[in-house]
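Hi everyone, thanks for coming. Let me put the structure up on the screen, and then we can walk through it together.

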Amino acid sequence: MKTLANHESSTLSDEPLGSTIARRITSRIEEELARPLEPGLYVVSTPIGNISDITLRALTVLARADIVYCEDTRHSKRLLTAYGLAPKQLRYDDHTGDKMRPQILQKLADGASLALISDAGTPLISDPGFKLVRAVLEAGYPVRSVPGPSAAIAGLSVSGLPTAPFFFEGFLPPKPMARRKRLAQLANMPASLIFYEAPTRVLACLTDMLAELGDRQVAVLRELTKKFEETMGGTLSAVLQQLSQQQKLRGEFVIVTAPPSTAKKPSRQEIEAAFEDLLDKVSFRDAVRRIAAQFDLPRKQVYELGLALTTSRCPSQDQTPGGEPDNEPDGA
Ligand code: SAM
């Protein structure tokens with residue numbers, strides 16, 4: 001059996017490694033529990049899947065808090081019960097927030113120690129709590145972080161894409177037009193971009209990313225820390241193709257896209273030359289697709305250049321060239 005002795009140092013005892021770890025964890029927890037919890041609001045991270053991903057400090061704060069505010073009390077009760085905790089729980093979410101905040105401020109005025117948790121990960125990160133933290137800070141009470149998992153950081157750290165700078169977007173708008181508009185605004189940001197997405201929208205979202213961000217590198221992280229954890233990486237077009245072959249997408253997803261390519265951008269003349277070459281052979285739509293992929297440019301930009309070029313070639317034609325891309329920019 002593995003012992004701490006053979007694992008770490010021969011001067012330590014030969015007790016099984018599990019017992020040693022358990023004993024040390026227990027004494028650390030007992031030390032923490034023996035200290036009163038300072039008054040204030042504690043923003044506590046909880047697991048994003050694997051129930052073991054909770055810190056000792058999170059457990060001891062949740063054990064000692066006068067009230068644990070939960071996004072969903074029933075959901076969080078399962079986690080609390082798994083660790084033998086039975087604190088007083090109250091709901092705090094976007095529906096109850098306006099009503100709850102004055103009560104919470106009053107409890108803080110009375111010297112209470114309060115914890116805020118969400119269904120998974122770090123509260124406020126695409127989860128409720130922002131207005132509460134701001135109100136507590138404005139009222140002059142302490143807000144303390146009890147950090148831990150967040151799907152955004154977990155996903156970024158295993159994405160294989162640059163980790164600095166990064167930009168956390170969270171959920172894109174669900175409606176296609178608004179989503180494409182937002183992606184177009186993000187297209188030139190020199191950072192890795194982190195998105196959250198529901199399984200029902202992952203494909204549509206990746207399709208819009210391909211159109212608006214160009215065929216850049218992407219990592220799709222599914223079910224992080226869970227049994228069916230999966231990481232997919234490659235160009236947007238390749239990952240999109242791989243995912244489209246799956247029957248029904250299930251699970252939770254983080255999408256990370258690489259920063260735009262820093263390779264020298266092609267000149268307008270180079271793009272026009274590519275159009276001149278292709279337009280005799282393929283449709284306008286295919287030319288746009290191929291040129292966007294060739295130069296790693298957003299399709300919208302290539303489409304607009306192509307449109308200007310074809311209009312100047314045939315000024316009498318006021319028609320849009322045939323075969324517009326499926327995901328044509330709004331109003332084009
Ligand atoms: N507060 C959470 C955090 O810190 O990550 C995020 C809450 S947000 C409502 C839920 C979204 O986070 C999911 O739709 C998914 O995009 C992402 N997510 C949460 N857990 C995940 C996991 N285990 N694997 C992949 N994505 C996850």
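How many residues of strand 4 (residues 113–117) are buried? For strand 4 it is 5 of its 5 residues, so I can call the strand mostly covered, where buried means that 20 or more other C-beta atoms lie within 10 Å of a residue's own, exposed means 12 or fewer, and partly exposed is in between, with C-beta atoms placed from the backbone. Strands here are DSSP runs of E with at least two residues, helices are runs of H or I with at least four residues, and both are numbered from the N terminus.

Two housekeeping points. This is a predicted model, in which local features need pLDDT of at least 70 and side-chain atom pairs count only at pLDDT 80 or more, while totals for chains, interfaces and linings use all residues. Residues are numbered from 1 along each chain as its sequence is written.

Back to strand 4. Ser-113, Ala-115 and Ile-117 point one way, Leu-114 and Leu-116 point the other way, and all are buried. Strand 1 (residues 40–44) pairs with strand 4 in the parallel sense over 4 bridges; pairing needs at least two bridges found by DSSP between the strands. Tyr-42 has Ala-115 in strand 4 as its bridge partner. Strand 2 (residues 67–70) also runs parallel to strand 4, joined by 4 bridges, and here Cys-70 has Ile-117 as its partner.

Please look now at strand 10 (253–257). Strand 10 is mostly covered too, with 5 of its 5 residues buried. Phe-253, Ile-255 and Thr-257 point one way, and Val-254 and Val-256 the other. Strand 7 (192–197) pairs with strand 10 in the antiparallel sense over 5 bridges, and Phe-195 has Ile-255 as its bridge partner. Strand 8 and strand 10 run antiparallel as well, joined by 5 bridges, and the partner of Leu-221 is Val-254.

Which residues touch the most other members of the largest nonpolar core? They are Leu-206, Val-218, Val-254, Ile-255 and Val-256, out of 31 residues. Such a core is a set of buried Ala, Val, Leu, Ile, Met, Phe, Trp, Tyr and Cys residues joined through C-beta atoms within 7 Å. Helix 9 gives the most to this core, with 7 residues. Apart from it lies another core, of 26 residues, including Leu-37, Tyr-42, Leu-62 and Ile-104.

Next, the ligand. Of the 23 residues around the ligand, Gly-121, Ser-150, Ala-151, Tyr-196 and Leu-224 come nearest; a residue is near if its C-beta atom, placed from the backbone, lies within 6 Å. Helix 7, strand 7 and strand 10 are the elements that give two or more residues to this shell. Domain 2 (36–149) and domain 3 (152–257) each supply at least three residues, with bounds that come from an automatic or database domain assignment.

Finally, some backbone details. Ala-164 and Pro-165 are joined by a cis peptide bond, with omega about -10°, and Pro-165 is found in the loop between helix 7 and strand 6 (166–171). Leu-124 is not a glycine, yet its phi is positive, about 75°. Leu-124 sits in the loop between strand 4 and helix 6 (130–138). Glu-223 has a positive phi near 55°, and its place is the loop between strand 8 and strand 9 (230–235).
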